[in-house]
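Colleague: I would like to go through the side-chain contacts in this model. Can you take me through them one by one?

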Amino acid sequence: MAFWEDWGKDDCDCGWKKCLIWTAAIAGVGGLIVLLVFAFALVFPPKATADDAVLLRLALSPGSPPSNSTVSYNATVTLSLRNPNLYRGISYDPVAVAFSFNGTRFDESATVPAFYHRPRKTATFHVTVGGAGKPVPKLTAAGVAAFRAENETGRFEVEVRLDTVMQYKARKARCPLAVICPLQLQLVDPDVAATAFQRTKCTVLRAKKSGC
C-alpha cells in the first residue's frame, strides 16, 4: 500500500513540473508573438525634442501699417528626432524648417537634407538662420505689441516648425509629417555667457491615413 502511495505522489510532482514547463513555454511564445507584432505590424511616429537654442539677435523695425515692418535676427537651434520602432526604419524627404513669432513666419530659408532614420536611433541636426531688414508682410498690430512686450524682458516665444514626408521601411504609404517646437529664447549677448536652454519636447503631427 505504501508503494502505491509513494508512486502517486511522484506522479503528481511530475505532472506539476510538466505543467510549469508548458506554462513557461506558452508564456514565452506569447511574449515572442507580442514582440513580433510590435516590431512588424505596428508603427510609431518619431519623437522630437529641441535640445539647444541660441538667439543672438531679434530686432523689429515697426512699419505703418504693421505689414510694412522688417525684422533682423540670428538664431541657432539643435533638434533631435528619435525613431522608436524596433524594426522599421524611416525615410525622410528634405525637411523644411520655418521660424515664427506670434504666429507670423519670419524665416523659411532653412532645410535639412533627405535622410534614412534607422530603428531605435536618434538623428540630431543643427539649424542656423539669419537675416537683416527682412520684410514680414503678415505681421499684425497684435504681433508688434507682443514683440514690444517681450523685447522689454529680452525673452521671446519663438516657434520652430518642421515639415516633410516620411515613409516606413517596407510600406508604400508616404506620410506627411509636421513637428512643432515652441521655444522660450533668451536674447544672448555674444560677450556674456549664454543662458542655459531648457530641453523642450516638440509636438509631432502625422497624417491620419492607412500605412502612416
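**Side chains that meet**

Modeller: Phe156 is buried, with a relative accessibility of 0%; buried means under 20% relative accessible area, exposed over 50%, and partly exposed in between (1.4 Å probe, protein chains only). This is a predicted model, in which local features need pLDDT of at least 70 and side-chain atom pairs count only at pLDDT 80 or more, while totals for chains, interfaces and linings use all residues. Residues are numbered from 1 along each chain as its sequence is written, and side-chain values use heavy atoms, with hydrogens and water left out.

Colleague: How many aromatic pairs does the whole structure hold?

Modeller: One of them is stacked: Tyr92 and Phe115, 4.6 Å centre to centre with 25 degrees between the planes. Tyr92 lies in strand 3 and Phe115 in strand 6, so this pair ties together parts 23 residues apart in sequence. Ring pairs also link Tyr73, Phe99 and Phe106 into a cluster. The search finds seven aromatic pairs.

Colleague: How many residues are in the largest nonpolar core?

Modeller: Such a core is a set of buried Ala, Val, Leu, Ile, Met, Phe, Trp, Tyr and Cys residues joined through side-chain atoms within 4.5 Å. Phe99, Val160 and Leu183 have the most contacts inside it. The count is 46 residues.

Colleague: Which residue forms a salt bridge with Lys134?

Modeller: A salt bridge is a side-chain nitrogen of Lys or Arg within 4 Å of a carboxyl oxygen of Asp or Glu. In this one, the closest N and O atoms are 3.7 Å apart.

Colleague: How far apart are the closest N and O atoms of Arg199 and Asp51?

Modeller: Arg199 is exposed at 59%, and Asp51 is partly exposed at 25%. They form a salt bridge. The closest N and O atoms are 3.0 Å apart.

Methods:
Rings of Phe, Tyr and Trp (its six-membered ring) pair if their centres lie within 6.5 Å; planes under 30 degrees apart count as stacked, over 60 as edge-to-face and the rest as tilted. Helices (H or I, at least four residues) and strands (E, at least two) are DSSP runs, numbered from the N terminus.
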